[in-house]
Amino acid sequence: MDGLTPQDWRVYHGTGEVAREPIANLPEPPPWRLFKGTGTASRPDDDGGEGERRVGRLLGTPRTPYANEVAMVNSAIYLRRPLIVTGNPGTGKSSLAYLIARELGLGPILRWPVTSRTVLKDGLYAYDAIGRVQAAGGRAALNGDAADIGEYIHLGPLGTALLPYDLPRVLLIDELDKGDIDLPNDLLNALEEGEYAITELVRYASRQPDVEVLTADRGGSAVVHGGVVRCREFPIIVITSNGEREFPPAFLRRCLRLNIEQPGFEQLSGMIAAHFGSTEGVDARRLISDFLERSKEVGGLASDQLLNAVHLAVRMATSGAYEPDEEWADLLQAIWHPLSTETG
């Protein structure tokens, strides 16, 4: 251990750097979180610009991580446990998943947005039985025929994340607290065991053990053996919550928690630099200060409300119309409207 520093245990540093290639070696998991999925699943390299849209281009500008962010993300990676990220709307909870994927070179993230109607199977897979029957010309034509079933099975984001990848996928389960009260408990088995069964394929396993199915990646597919999907590297799972509901103790026991406070001056400065680079003609520091003051007045604003104001100011400055006068102040009041109807 001679010569090591407290930095050496870190896999994720939160600086906003973009990896030139995927991380070479992950730390070994605890013995009880070692998974042995077989087969090979390939992930796409290009996210179609989604990461840049979410967290900016990061034009050589170091990012200031949130308090405890680096420690908690690394702990989740070492322990192979989901990370629950809480905080007010607009504080950058979802962006954390994109930052992790970009810094570690883990490719496009898988995103599962949760609504009040979401159930576990939505995240695992969908089977289009009606479409298959219609394509086959009637139910009788399906008897004993497994040849085409994979064309009608589409893995969801969680189901895709649990495929046997050589390196983990990053999965964002967005706003889990909006889901049904039973959803966190329903997730426990898949998150604990790192696997799930596709009932429709299990029935055919003895006759056709390998079936190619569609995945949540655009144009993606993977081979499922024996009707069971089992991970080899547990995904890096970021679960966001706005604190609308507390999660069950059994679920919380299997997760780590990170609370993101309202971004301060340094975080907001880095965010503007990442998205805009130069803000020539606009006093970005004054805009940030005014934004923080307004946010305090109205009980909190979302960071994208600041980005909207900066974008508008930069465009107006380019055309020569930008003047930080009373008219601009009125415009800012409209852009920086309260997130709650209870404040004004």
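Me: Which residues line the largest cavity?
Reply: This is a predicted model, where local features need pLDDT of at least 70, side-chain atom pairs count only at pLDDT 80 or more, and totals for chains, interfaces and linings use all residues. Residues are numbered from 1 along each chain as its sequence is written, and side-chain values use heavy atoms, with hydrogens and water left out. A cavity is a set of points, on a 1 Å grid over the protein atoms alone, where a 1.4 Å probe fits but cannot get out; lining residues have an atom within 4 Å of a point. The lining consists of Leu26, Ala76, Ile77, Arg80, Arg81, Pro168, Glu233, Phe234, Pro235, Ile236 and Ile237.

Me: Which elements give two or more residues to the lining of the largest cavity?
Reply: Elements here are DSSP runs numbered from the N terminus: helices (H or I) of at least four residues and strands (E) of at least two. Two or more lining residues come from each of helix H2 (69-79) and strand E10 (236-241).

Me: How is the lining of the largest cavity divided by class?
Reply: Ala, Val, Leu, Ile, Met, Phe, Trp, Tyr, Cys and Pro count as nonpolar, Asp, Glu, Lys and Arg as charged, and the others, Gly among them, as polar. The division is eight nonpolar, no polar and three charged.

Me: What volume does the largest cavity have?
Reply: The search of the whole structure finds one cavity of 30 Å³ or more. Volume is the space filled by probe spheres set on the grid points, which are joined across faces, edges and corners. For the largest cavity that is about 80 Å³.

Me: Which helix gives the most to the lining of the largest pocket?
Reply: A pocket is an open set of points with protein on both sides within 12 Å along at least five of seven lines. The largest pocket holds about 700 Å³ and is lined by 32 residues, with Arg54, Thr91, Gly92, Ser95 and Ser303 nearest its centre. Helices H1 (50-55), H3 (95-104), H10 (265-276) and H12 (303-319) each give two or more residues. The top contributor, with six residues, is H10.

Me: Which residues lie nearest the centre of the second largest pocket?
Reply: This pocket has a volume of about 470 Å³. Its lining has seven nonpolar, one polar and six charged residues. Of the 14 lining residues, those nearest the centre are Asp47, Pro108, Ile109, Ala216 and Arg218.

Me: How far is Cys231 from the nearest cysteine sulfur?
Reply: A disulfide is a pair of cysteine sulfur atoms within 2.5 Å, and the search of the whole structure finds zero. Cys231 is buried, with a relative accessible area of 0%. The nearest cysteine sulfur belongs to Cys255, and the distance is 15 Å.

Me: Is Arg203 buried or exposed?
Reply: Arg203 sits in the loop between helix H8 (199-202) and strand E7 (210-214). Its relative accessible area is 59%, so Arg203 is exposed.

Technical notes. Buried means under 20% relative accessible area, exposed over 50%, partly exposed in between (1.4 Å probe, protein chains only).
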